[in-house]
Each structure stands twice: as structure tokens, then as C-alpha cells.
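Me: Please take a close look at a single part of this model, the surroundings of one side chain.

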Amino acid sequence: MSQSTIAANIERAIGSYIDACNRGDEDAIAACFARDAVHYFPTGPKWSGAATIAGNFSKGVRARGLVWTIDHVAVDAERLEGVLEWSQFETSDRVLRGVDWFVFEPGSLWIREIRAYGAAPVQPDLAVQELRDFDYIGRGYPVARPA
């Protein structure tokens, strides 16, 4: 499969996921993920497993009237990764903007991992502001200020 075909399929997979979330369709959301997928958040614990991720998003849509827009998508077909810039709207007129970093399974292009980053003010009481439960050290991210 060509890189451009993979890129188009990744972008389509991201669109299908957002569409399923907007409908609150638990089965369709789960179908976008690898069974053991993980969704990381900066302010709460990770969600593990396709069924858990799907159930939690479906509940949020029903309870808070959540809906997301696809603002921009960038894809790295070689690495099987994609980035989605989104806007999230609630029936309460609250708006949250952010970015999700997607990692896909080879072959199936099921979502293996999402790392969500919402636009939010800096929290001055926290010395380290990063995704909770994410293995920064294991993934090779810097953990100290460069010299």
C-alpha cells in the first residue's frame, strides 16, 4: 500500500472516530480501536480498552451534549500516526479546543493510542504539567531541562 493511500486511510479513520463520537454510538466508537487501546488525558486517568473508551465517550455525549469538530488533521503515514486539532462544544455553551495524537495499528489501522491535549491555562500549583499515566521516560521524552 502506498504512503498516500495509508495517509488517506488514517485521515478517514480519524473522521470515522469523530463521527462515531458525535453520534454517541458506543459500538461504532469501539470498532475504531484495537481491543487493548489506551486514551491518555492531562487531567484524569487513562482509559484502557476499546469498550471502556467507547462507553465513556458515549456517556459524555448523552450527559453533556458533547460534539467535536475536525479543525485540522496531519498524518505521518510512515509512522502510522496522525494529529487532530479539534473543538469540543457542550450544550452549556462551553468550548474546549485541543489536539489528539493518534497511533495506529499496522495493517488494520485501528487506533492503538490517543494522547489528548486540551488548550488550558497553565496550572501554577503544578511543577510538572503533562499527561497522567503516560510513560514519558519509557518513550524517550526529555524529563529534565536541556542544558
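Leaving aside its neighbours within four places in sequence, which residues is Ile111 in contact with?

Reply: This is a predicted model, in which local features need pLDDT of at least 70 and side-chain atom pairs count only at pLDDT 80 or more, while totals for chains, interfaces and linings use all residues. Residues are numbered from 1 along each chain as its sequence is written, and side-chain values use heavy atoms, with hydrogens and water left out.

Beyond four places in sequence, Ile111 is in contact (heavy atoms within 4.5 Å) with Tyr17, Cys32, Phe33, Ala34, Ala37, Phe102, Val103 and Phe104. Ile111 is also among the residues with the most contacts inside the largest nonpolar core, which has 28 residues. Such a core is a set of buried Ala, Val, Leu, Ile, Met, Phe, Trp, Tyr and Cys residues joined through side-chain atoms within 4.5 Å; buried means under 20% relative accessible area, exposed over 50%, and partly exposed in between (1.4 Å probe, protein chains only). Helix 1 gives the largest share of this core, eight residues; helices (H or I, at least four residues) and strands (E, at least two) are DSSP runs numbered from the N terminus.

Tyr17 also pairs edge-to-face with Phe57, at 6.2 Å centre to centre and 85 degrees between the planes. Rings of Phe, Tyr and Trp (its six-membered ring) pair if their centres lie within 6.5 Å, with planes under 30 degrees apart counted as stacked, over 60 as edge-to-face and the rest as tilted. Tyr17 is in helix 1 and Phe57 in helix 3, so this pair ties together parts 40 residues apart in sequence. Both Tyr17 and Phe57 are buried. Ring pairs join Tyr17 and Phe57 into a cluster that also includes Phe33, Phe102 and Phe104.
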